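I opened my notebook for a friendly walk through this model. Here is what I looked up, entry by entry.

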Amino acid sequence: MDIIVALGGGGAKGNAHIGVLRVLEREGFTIRAVAGTSAGGMAAATYAAGHSPDELQAYMTQVNQSSFYGFHLSGEPALLGVDGIYKALHKLVGEKTFSDLRIPCALTAVDLESSKRVILNQGRVVDALMATIAIPGIFPPKRLDGHLLVDGGLLDPVPVTVVRGIAPRRRMPVVAVALTPEMAERSVMKSPGFLMPSPILNQIARLRVAQAFEIFMHSLEIGISAITDLRLEIDKPDIIIRPDVAHIGYLDRVNIVDVVRLGELATEAVLPELRRIARRRQGFFRRRSRKL
């Protein structure tokens, strides 16, 4: 059963995407195209590059999460640098371009100069990844092909229309994975904390700049949650999967296995409906083929 998948952003919550992809594969669904934003872009691109969910979980389990971020001391304005996460992503995708990927894949970003969404599906994958994860003000924006790019979640948190646009054929069911809670559950969203355990950062965490950082990040997540709901209502994916990750902050250090399991549980819950939709869509194609 062929499907296409749109993976939403959410920082450390994004490890749940691994569980989603694992269950979809295990249950016989073939993912023909994938698009992602921010953390969803990381999962989308590394999966499209040929890494299985098991490989991605193993890699994320052994990598030092505290090495992802550090102080940003030069270049574009940002609070945190991303040299560690660049190295981690480069190990997974290397110098691959989008044309090297095994299935169609696209990531999204926002151009600060035009205020428009940018679809990234050409050139080096790792460059696109650094653009789609660039939380504004927190991580440095990425200059790419004449654009100054930041996190795509600002305008398109779960890129449903993007994955439809790159699908190898029309009318395949769209599975959208949103890492934001539904409106009734928003009160449990957690403010982000500093991921890095160092004496200096522990001191900074007590300062007003750290408190302002947490307020900004929490406010950003509230806004992205509202935009997610609006976009999903407009874009109308066939299935929405919402892992129970509202208690996880964007920059939290997490137990990878536990977060992956949350993705698995949420996907298992929608399997009956997804099978029904996929079979109905396959029947449509068979009838149409006979008529032609």
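Entry 1: I began with arginine 261 and glutamate 268, whose side chains meet in a salt bridge at 3.5 Å, N to O. For a salt bridge I take a side-chain nitrogen of Lys or Arg within 4 Å of a carboxyl oxygen of Asp or Glu. Arginine 261 counts as partly exposed because its relative accessibility is 36%, and glutamate 268, at 26%, also counts as partly exposed. My cut-offs are under 20% relative accessible area for buried, over 50% for exposed, and partly exposed in between, with a 1.4 Å probe and protein chains only. Salt bridges that share partners join Arg22, Arg26, Glu27, Asp54, Arg261, Glu264, Glu268 and Arg275 into one network.

**Entry 2: ground rules.** I keep in mind that this is a predicted model, where local features need pLDDT of at least 70 and side-chain atom pairs count only at pLDDT 80 or more, while totals for chains, interfaces and linings use all residues. Residues are numbered from 1 along each chain as its sequence is written, and side-chain values use heavy atoms, with hydrogens and water left out.

**Entry 3: other salt bridges.** How many salt bridges does a search of the whole structure find? I get 19. One of them joins the side chains of glutamate 221 and lysine 13 at 3.1 Å, N to O. Glutamate 221 sits in helix 8 (residues 208-235) and lysine 13 in the loop between strand 1 (2-7) and helix 1 (16-26), so the pair ties together parts 208 residues apart in sequence. Helices here are DSSP runs of H or I with at least four residues, and strands are runs of E with at least two, numbered from the N terminus. Are glutamate 221 and lysine 13 buried or exposed? Both are buried. I also noted glutamate 233 and lysine 236, whose side chains form a salt bridge at 3.7 Å, N to O; glutamate 233 counts as exposed, at 54% relative accessibility.

**Entry 4: strand 2 and its partners.** Strand 2 (residues 30-37) has 6 of its 8 residues buried, so it is largely enclosed by the rest of the structure. It pairs with strand 1 in the parallel sense over 6 bridges; pairing requires at least two DSSP bridges between the strands. Valine 5 stands opposite valine 34 in strand 2. Strand 2 also runs parallel to strand 5, joined by 4 bridges, and there valine 34 has cysteine 105 as its bridge partner.

**Entry 5: the nonpolar core.** I define a nonpolar core as buried Ala, Val, Leu, Ile, Met, Phe, Trp, Tyr and Cys residues joined through side-chain atoms within 4.5 Å. Which residues have the most contacts inside the largest one? They are Ile31, Val34, Cys105, Leu107 and Leu120, in a core of 75 residues. Helix 9 (residues 256-291) gives the largest share of this core, 9 residues. Another core, of 16 residues, lies apart from it and has Ile4, Ala35, Met172 and Leu232 among its members.

**Entry 6: threonine 108.** My last stop was threonine 108 in strand 5 (residues 105-111). It counts as buried because its relative accessible area is 0%. Its side chain makes a polar contact with that of threonine 37 at 2.6 Å. A polar contact is a pair of N or O atoms within 3.5 Å; within protein, one must be able to donate a hydrogen and the other to accept it, and residues adjacent in sequence count only if both atoms are side-chain atoms.
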